[in-house]
Amino acid sequence: MDAVLGPIFERRLEGRWDQHLATMTDFWSSVALTSGRYNGKPHVAHQLLGVTPEHFERWLRLFEATVVDLCEGPAAALFIDRAHRIADSLQIGLNIGPKALRLPPRATVAQSAA
């Protein structure tokens, strides 16, 4: 288990790693094979983890090293490309990282009436 990322997920997944790995299998089956096996909400699932852009960079390095060990050619390129797109999408959805939207806070009704 990774020393940086492991504890973040261990707190959330304690005792449910097998279930999470099954979910990850469904997720990547949907991403790589368009199987439709995954129907979750990854942005919501990662919302309260407190992850930072540095966590995503670390995950991408680990993911890429794993892909290089297990795949080659077009399959490796597909997985790496999708991982980067997923990391970007999650960071945008979590409003962190360089591509996050920096919108001004919305005024509430009470603030508008003042």
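Colleague: How many salt bridges does a search of the whole structure find?

Modeller: Five. A salt bridge here is a side-chain nitrogen of Lys or Arg within 4 Å of a carboxyl oxygen of Asp or Glu. This is a predicted model, so local features need pLDDT of at least 70 and side-chain atom pairs count only at pLDDT 80 or more, while totals for chains, interfaces and linings use all residues. Residues are numbered from 1 along each chain as its sequence is written, and side-chain values use heavy atoms, with hydrogens and water left out.

Colleague: Which residue does Arg58 form a salt bridge with?

Modeller: Asp2. Their closest N and O atoms are 2.8 Å apart.

Colleague: Why does that pair tie parts together?

Modeller: Because Arg58 sits in helix α4 (residues 53-70) and Asp2 in the segment before α1 (5-13), the pair ties together parts 56 residues apart in sequence. Helices are DSSP runs of H or I, at least four residues, and strands are runs of E, at least two, numbered from the N terminus.

Colleague: Is Arg58 buried, exposed or partly exposed?

Modeller: Partly exposed, at 26% relative accessibility. Buried means under 20% relative accessible area, exposed means over 50%, and partly exposed is in between (1.4 Å probe, protein chains only).

Colleague: What does Asp88 meet in a salt bridge?

Modeller: Lys99, at 2.8 Å, N to O. Asp88 is in helix α5 (residues 73-94). Lys99 is in the loop between α5 and α6 (109-113). The two are 11 residues apart. Asp88 is partly exposed at 28%, and Lys99 is partly exposed at 48%.

Colleague: Which residues do shared partners join into one network?

Modeller: Asp81, Arg82 and Arg85. Within it, the side chains of Asp81 and Arg82 meet at 2.7 Å, N to O. Asp81 is partly exposed, at 29% relative accessibility. Arg82 is partly exposed, with a relative accessible area of 29%.

Colleague: New topic. Which residues in α1 are buried?

Modeller: Leu5, Gly6, Ile8, Phe9 and Leu13.

Colleague: What covers the buried residues of α1?

Modeller: The cover includes α2 (17-33), α3 (42-46) and α4. Contact means heavy atoms within 4.5 Å.

Colleague: And which residue with positive phi follows α1?

Modeller: Gly15, with phi near 75°.
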